[in-house]
Amino acid sequence: MTIGYVAYLVLALLVIIFLSAAIRILREYERGVVFTLGRFTAVKGPGLILLIPFIQQMVRVDLRVVVQDVPPQDVISRDNVSVKVNAVLYFRIVDAERAIIQVEDFLAATNQLAQTTLRSVLGKHELDEMLAERDKLNSDIQEILDQRTDAWGIKVSNVEIKHVDLNESMVRAIAKQAEAERLRRAKVINADGEQQAAAKLVEAGKMLAEEPQAMQLRYFEALHDIAGERSSTVVFPLPVDLLGQFLSGQKK
């Protein structure tokens with residue numbers, strides 16, 4: 001009887017070991033790449049998966065979006081400015097078979113490819129484009145990475161440039177350039193204002209020349225404004241046309 005109990009116990013233990021080695025449960029976002037005696041068999045999941053112990057092996061693959069930081073890269077722009085640029089990479093696996101079979105480590109391979117692509121693309125642009133046209137650069141890098149990682153079953157959904165770090169001398173140069181640009185705009189705006197004011201004065205002068213009574217009314221209004229001010233100094237405006245008549249009379 002004791003031997004029979006031991007045999008049943010050993011048999012039950014073997015069954016438990018067999019089931020633990022044969023049964024796999026994959027989550028909704030996971031897939032299993034199954035190999036039979038080293039040869040690719042199928043991609044299974046999600047849910048309950050049965051494997052033949054010691055004959056079949058399974059590699060789990062996560063299909064969720066992976067977020068990776070691209071380390072800072074030393075980039076020399078087209079106008080020979082040295083900058084450090086880092087980015088964020090978003091990608092996911094769309095073909096589990098190719099992601100496991102075609103590349104040894106898809107995470108490391110994608111990260112290294114992102115670094116080289118970042119340096120290559122940004123090196124073709126000037127510093128002003130790096131600072132002002134990030135959306136376009138992000139789109140270009142994402143498109144190139146997506147094409148190159150397609151053979152690995154990876155879809156690059158987005159690339160975002162995080163920081164463009166400049167040295168102190170370049171920061172001072174950019175600050176001087178921005179200050180000069182603001183001064184230029186201020187001078188242009190001032191000149192435009194003077195031009196518009198001159199045009200309005202010419203127009204007003206023509207209107208007043210057509211109606212002398214209007215000039216007299218402006219004269220009285222100026223006197224009214226002077227009288228209303230609390231000042232010890234009184235300025236009496238003399239019409240220019242009157243002064244012209246007086247001078248012409250003296251010449252005669």
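Biologist: Does Tyr5 count as buried or exposed here, and why?
Modeller: In this predicted model, Tyr5 counts as exposed because its relative accessibility is 58%, and the cut-off for exposed is over 50%.

Biologist: Which element does Tyr5 lie in?
Modeller: Tyr5 lies in helix α1.

Biologist: Which residues make the nonpolar surface patch?
Modeller: Tyr5 is one of them, together with Tyr8, Leu11, Val15, Phe18, Leu19, Ile23, Ile25, Leu48 and Leu50. The patch covers about 1,100 Å².

Biologist: And which elements give two or more residues to that patch?
Modeller: These are α1 (2–22), β1 (23–26) and β4 (47–50). The largest share comes from α1, with six residues.

Biologist: Let us turn to the whole chain. How many helices and strands does the chain have?
Modeller: There are eight helices and eight strands.

Biologist: What percentage of the residues in the chain is buried?
Modeller: Of the 252 residues, 23% are buried. The accessible surface of the chain is about 18,000 Å², and carbon and sulfur atoms account for 59% of that surface.

Biologist: What about contacts between residues at least 6 apart in sequence: what share joins residues at least 24 apart?
Modeller: That share is 61% in this chain.

Biologist: Now the sheets. What is the strand order in the open sheet of three strands?
Modeller: The order is β3-β2-β5, and the pairing is antiparallel.

Biologist: Which strands stand at the edges, and why is one side of each left without a neighbour?
Modeller: β3 (39–44) and β5 (56–62) stand at the edges; each has a single partner strand, so one side of each lacks a neighbour in the sheet. From one strand to the next, the twist averages 25 degrees.

Biologist: Over how many bridges do β2 and β5 pair?
Modeller: Strand β2 (residues 30–36) pairs with β5 over seven bridges, in the antiparallel sense. Within β5, Arg60 is the residue opposite Gly32.

Biologist: Moving on, over how many bridges do β6 and β7 pair?
Modeller: Strand β6 (residues 66–76) and strand β7 (residues 82–93) are antiparallel partners over nine bridges. Gln73 has Val85 in β7 as its bridge partner.

Biologist: Which residue in the hairpin of β6 and β7 takes a positive phi?
Modeller: Asn80 does, with phi near 65 degrees; the hairpin has five residues between the strands.

Biologist: And how does β7 pair with β8?
Modeller: β7 and strand β8 (residues 154–165) pair in the antiparallel sense, over ten bridges. Lys84 has Asp165 in β8 as its bridge partner.

Key: Residues numbered from 1 in each chain as written. Predicted model: local features only at pLDDT ≥ 70, side-chain atom pairs only at ≥ 80, totals over all residues. Heavy atoms only, no water. Patch = residues over 30% accessible without salt bridge, like charges linked within 9 Å, V, L, I, M, F, W, Y side chains within 5 Å. Areas by Shrake-Rupley, 256 points an atom, 1.4 Å probe, with all protein chains shown as cover. Salt bridge = Lys/Arg side-chain N within 4 Å of Asp/Glu carboxyl O. Helix = DSSP H or I, 4+ residues; strand = E, 2+ residues; numbered from the N terminus. Buried < 20%, exposed > 50% of the residue type's maximum accessible area, 1.4 Å probe, protein only. Contact = heavy atoms within 4.5 Å. Pairing = 2+ DSSP bridges. Axes fitted to C-alpha atoms, helices over the stretch in contact; angles between N-to-C directions.
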